[in-house]
Amino acid sequence: MQPRNMSMSGVVDLAAVKAAGEAKAKAEQTRAESARQGGPAAVPASSLVIDVNEAGFENDVLQRSAEVPVVIDFWAEWCEPCKQLGPLLERLTHEYNGRFLLAKVDVDANQMLMQQFGIQGIPAVFAVVAGQALPLFQGAAPEAQIRQTLDQLIQVGEERFGLTGIAVDPAGAPEAQAAAPPPPGPYDALLEAAAQALDANDFPGAVQAYKNVLSDDPANTEARLGLAQAELLARVQRTDPQKVRQEAAEKPADVDAQLAAADLDLVGGHVEDAFGRLVETVRRTFGDDRDRVRLRLLDLFEVIGPEDPRVAAARTALARVLF
């Protein structure tokens with residue numbers, strides 16, 4: 001039952017040369033055999049999200065992970081945050097259209113799996129790529145951060161293991177996918193109030209105004225960018241720059257010191273320095289500390305914007321040290 005090559009402490013080293021080479025070779029062999037047989041058969045959209053138990057874990061997760069990354073959602077009926085996160089993950093699974101599969105595990109019915117993954121609280125989300133397991137996040141994370149995490153997972157699957165996803169037959173897609181949701185907003189007044197609060201250095205007010213928009217429209221790009229900027233400026237406003245720089249230089253292993261210094265780097269226009277500092281801190285840390293630094297780096301990506309080439313380079317660097 002224990003997944004092969006799985007470590008339950010910290011992030012699994014997916015870059016291990018032997019494991020990566022074997023996984024990539026297996027993926028290439030699978031694609032070659034499929035091509036000789038006339039190409040892969042498309043799976044119905046309804047099978048992108050599956051319920052998994054201990055008995056089926058080997059086939060449904062480990063074996064499938066040689067073809068496509070498998071995201072695992074550990075949940076329970078009594079868990080209120082699970083009821084928010086589960087539908088969001090299912091919607092994103094269909095939106096990504098075969099770039100990954102979603103396996104849902106009810107922890108009450110599958111205690112052994114919960115123990116094997118070392119889960120302390122739910123919801124908890126893991127991934128398995130080519131038989132290798134890694135934690136993604138815990139709790140009902142914001143959609144923007146979930147998307148960034150999934151993008152990194154897909155990138156690693158492609159670059160390290162040659163997993164390019166599976167073909168999807170739209171037949172059987174959930175009816176909810178066919179009906180487009182009504183357009184949110186408008187939020188002009190709220191966004192204007194947030195911008196005015198930023199201009200007045202009322203950063204807590206700006207943060208709350210942007211959060212008001214995102215609570216109703218989590219994908220609102222302007223609000224996501226504004227929130228990231230407001231939170232960054234609020235953090236920097238409370239610091240002594242000279243003390244922050246000194247502590248970061250004297251305590252390279254101090255996560256808080258490096259986070260504060262990275263904020264100053266970014267505000268001062270030293271974007272690559274900020275990103276590089278946090279990528280290096282991710283490389284040196286584990287567990288909760290590593291997750292804190294990773295999430296802060298994702299926040300700083302929001303400040304600069306996804307189209308900036310410095311963000312793209314930092315994403316690649318982050319994927320290398322994470323996976």
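What we have here is a predicted model, in which local features need pLDDT of at least 70 and side-chain atom pairs count only at pLDDT 80 or more, while totals for chains, interfaces and linings use all residues. Residues are numbered from 1 along each chain as its sequence is written, and side-chain values use heavy atoms, with hydrogens and water left out.

The protein chain has 14 helices and seven strands, these being DSSP runs numbered from the N terminus, with helices (H or I) of at least four residues and strands (E) of at least two. Of its 323 residues, 47% are buried, where buried means under 20% relative accessible area, exposed over 50%, and partly exposed in between, with a 1.4 Å probe and protein chains only.

Let me turn to Arg-315, which sits in helix H14, residues 309-322. Arg-315 is buried yet has no salt bridge, and the nearest side chain of opposite charge, Asp-151, is 5.8 Å away; a salt bridge would need a side-chain nitrogen of Lys or Arg within 4 Å of a carboxyl oxygen of Asp or Glu. Leaving aside residues up to four places away in sequence, Arg-315 touches Gln-148, Gln-152, Leu-298 and Phe-301, a contact being heavy atoms within 4.5 Å.

Finally, on helix H7, residues 188-199, we find three residues of the negative patch, the most that is given to it. Asp-199 belongs to helix H7, and Asp-199 counts as exposed because its relative accessibility is 67%.

Conventions
Lys, Arg positive; Asp, Glu negative; His and termini not counted.
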